[in-house]
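Please load the model in your viewer and keep the selection tool at hand. We will go from one stop to the next, picking residues as we go.

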Amino acid sequence: MRIEFAEAVKELVGAEDILILCHRNPDGDTLGSGYALLRALRSMGKRAKLRCNDVIPQKFSYLYEGIKEEDFCEKFIVSVDVAEKKLLGDNFCEIYGDMVDLSFDHHGTARLFAKKTYCESESASACEIIYNVIRALDAEITTDIASCLYTGISTDTGCFRYSNVTPRTHKIAASLIEMG
């Protein structure tokens, strides 16, 4: 079921013990939005962890630098930048495919596999959406969070060369640069 932005934020506010899932063959957008959301949720006192079916490329290791692994049984599952459940990867699709509570995505072709989906196809990246989610949660956008979000925006826009770039994309990127 598609939901509005305010309802998606409300879902996160009420969630505890959150597992964030990224898509297979992880890129800067799925990882950037996932780790930014993880950091923001933890700053709010929530327990959160991120999982990906595939190995995270070493070039993105700075996104999770300083994050300690938390061990808990997830009660709420969020996917970021996952347009359909098969993109979770074979193992994760079998394990989590029908258990995702909330999905954040920006692909106009997104299939509704989660219990609730917030999709904003006019966004150039999932990180644009997560930027607004973090602001709506009143969580501070730290330098680490800004780095995660900027990574996703810059990679999913081809360093601002693709046709999906909008003035809002540039405004968000500029605000992230100002944040460090």
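The tour below visits some charged pairs and then a tyrosine.

Before you click, note that this is a predicted model, where local features need pLDDT of at least 70, side-chain atom pairs count only at pLDDT 80 or more, and totals for chains, interfaces and linings use all residues. Residues are numbered from 1 along each chain as its sequence is written, and side-chain values use heavy atoms, with hydrogens and water left out.

**Stop 1**

Side chains of opposite charge can pair when their charged atoms come close. A salt bridge here is a side-chain nitrogen of Lys or Arg within 4 Å of a carboxyl oxygen of Asp or Glu, and searching the whole structure gives 15 of them. Select lysine 46 and glutamate 16, whose closest N and O atoms are 3.3 Å apart in a salt bridge. Lysine 46 sits in the loop between helix 2 (28-43) and strand 2 (48-51), while glutamate 16 is in the loop between helix 1 (5-14) and strand 1 (18-21), 30 residues apart. Helices (H or I, at least four residues) and strands (E, at least two) are DSSP runs, numbered from the N terminus. Is lysine 46 buried or exposed? Lysine 46 is buried, at 8% relative accessibility, whereas glutamate 16 is partly exposed at 41%. (Buried means under 20% relative accessible area, exposed over 50%, partly exposed in between, with a 1.4 Å probe and protein chains only.)

**Stop 2: aspartate 98 and lysine 85**

Next, pick aspartate 98 and lysine 85, which form a salt bridge at 2.7 Å, N to O. Aspartate 98 lies in the loop between helix 3 (90-96) and strand 4 (102-105) and lysine 85 in the loop between strand 3 (76-80) and helix 3, so the bridge ties together parts 13 residues apart in sequence. Aspartate 98 is exposed at 61%; lysine 85 is partly exposed at 31%.

**Stop 3: arginine 168 and glutamate 120**

Now select arginine 168 and glutamate 120, joined by a salt bridge of 2.7 Å, N to O. Arginine 168 belongs to helix 6 (residues 167-178), and glutamate 120 to the loop between strand 5 (116-119) and helix 4 (126-136), 48 residues apart. Arginine 168 is partly exposed at 30%, and glutamate 120 is buried at 8%.

For a network, highlight Glu7, Glu11 and Lys116, which are joined by salt bridges that share partners.

**Stop 4: tyrosine 64**

Finally, go to tyrosine 64 in the loop between strand 2 and strand 3, partly exposed at 28%. Which residues does tyrosine 64 contact, leaving aside its neighbours within four places in sequence? They are Tyr35, Arg39 and Ile56, where contact means heavy atoms within 4.5 Å.
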